[in-house]
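Biologist: Before we look at anything in detail, could you show me how to read pockets, helix packing and aromatic pairs in a model of this kind?

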Amino acid sequence: MLFRKAILDQIAEGAVTLAFRRWTKPTVKAGGSLRTASGVLSIDAVDVTGTEDISVEDAHRAGFTTREALLAELDVRPDGTLYRIAFHRAGDDPRLSLRDEATLAKVDRAAIADRLARFDETADQSWTEPTLRLIASRDGITAAEIAEWVGVDKLKIKVRIRKLKELGLTESLTVGYRLSPRGRSFLDET
């Protein structure tokens, strides 16, 4: 579930606690969570609704100044079932503090190395270290550039880089990626 920057800012302030989406199948579920640029959202409810059930207050809680503005946004994607998603901000993305850990204990370094080895084994290809080294070579290197260097499809490399991000080793930029302090520390000792 994606949000525009203006909505993300309002989520961070606690002003936005609802979203409306048309989906063929929900991408979030009640009781689950969602990481966003504004932090982790706890999904409180996901309910099928109709446009006639959306109130002015709902529109405001979804970050729109008017009900009509929200309905116009929903009309951009008219296919699928309309869902009302209630959520609250549960806290900061834990990857943010993780990636800032520039000093790694031996046990942390070993755990990272073990995970990377399992990623390589599962892929039947040694991709983790070459990918980290490419990202270390230049801030802003894109998935397309990395994919070309390691000989993997761009979409596949994006999925793989997300795994590195989960370990706090990389950061996404507006365009491309860079190593986090944690990632640099890990590579410096490899």
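This is a predicted model: local features need pLDDT of at least 70, side-chain atom pairs count only at pLDDT 80 or more; totals for chains, interfaces and linings use all residues.

Biologist: What is the volume of the second largest pocket, and which residues lie nearest its centre?

Modeller: The second largest pocket has a volume of about 530 Å³. There are 19 residues in its lining, and L2, F20, R21, E73 and R77 are the ones nearest the centre. Two or more lining residues are given by each of β1 (18–23) and α3 (67–75), with β1 providing the largest share, six residues. The class division of this second lining is 13 nonpolar, one polar and five charged.

Biologist: Turning to helix packing, at what angle do the axes of α5 and α9 cross?

Modeller: The axes of helix α5 (residues 106–123) and helix α9 (residues 181–188) cross at roughly 85° and come within 11 Å. Because angles of 65 to 115 degrees count as roughly perpendicular, that is the description given to α5 relative to α9. From α5, the residues R109, I112, A113 and L116 take part in the contact, while α9 contributes R182, S185 and F186. By class, the residues of this contact are four nonpolar, one polar and two charged.

Biologist: How do α6 and α8 pack, and which residues meet there?

Modeller: Helix α6 (residues 128–137) packs with α8 at an angle of about 85°, and their axes are 11 Å apart; the two helices are therefore roughly perpendicular to each other. On the α6 side the contact involves T128, T131, L132 and I135, which meet I157, I161 and L164 of α8. This contact of α6 with α8 has five nonpolar and two polar residues, and no charged ones.

Biologist: Finally, how should I read aromatic rings, and how many aromatic pairs does a search of the whole structure find?

Modeller: A pair of aromatic rings is described by the distance of the centres and the angle of the planes. The search finds three aromatic pairs in the whole structure. One of these is formed by W23 and Y83, with 5.6 Å from centre to centre and 40° between the planes, and it is classed as tilted. This pair links distant parts of the chain, since W23 belongs to strand β1 and Y83 to strand β4 (residues 81–91), 60 residues apart.

How values were computed
Residues are numbered from 1 along each chain as its sequence is written. Side-chain values use heavy atoms; hydrogens and water are left out. On a 1 Å grid over the protein atoms alone, a cavity is a set of points where a 1.4 Å probe fits but cannot get out, and a pocket is an open set with protein on both sides within 12 Å along at least five of seven lines; lining residues have an atom within 4 Å of a point. Grid points are joined across faces, edges and corners, and a volume is the space filled by probe spheres set on the points. Helices (H or I, at least four residues) and strands (E, at least two) are DSSP runs, numbered from the N terminus. Ala, Val, Leu, Ile, Met, Phe, Trp, Tyr, Cys and Pro count as nonpolar, Asp, Glu, Lys and Arg as charged, and the others, Gly among them, as polar. Axes are lines fitted to C-alpha atoms, for helices over the stretch in contact, and angles run from 0 to 180 degrees between N-to-C directions. Angles under 35 degrees count as roughly parallel, over 145 as roughly antiparallel, 65 to 115 as roughly perpendicular and the rest as oblique. Contact means heavy atoms within 4.5 Å. Rings of Phe, Tyr and Trp (its six-membered ring) pair if their centres lie within 6.5 Å; planes under 30 degrees apart count as stacked, over 60 as edge-to-face and the rest as tilted.
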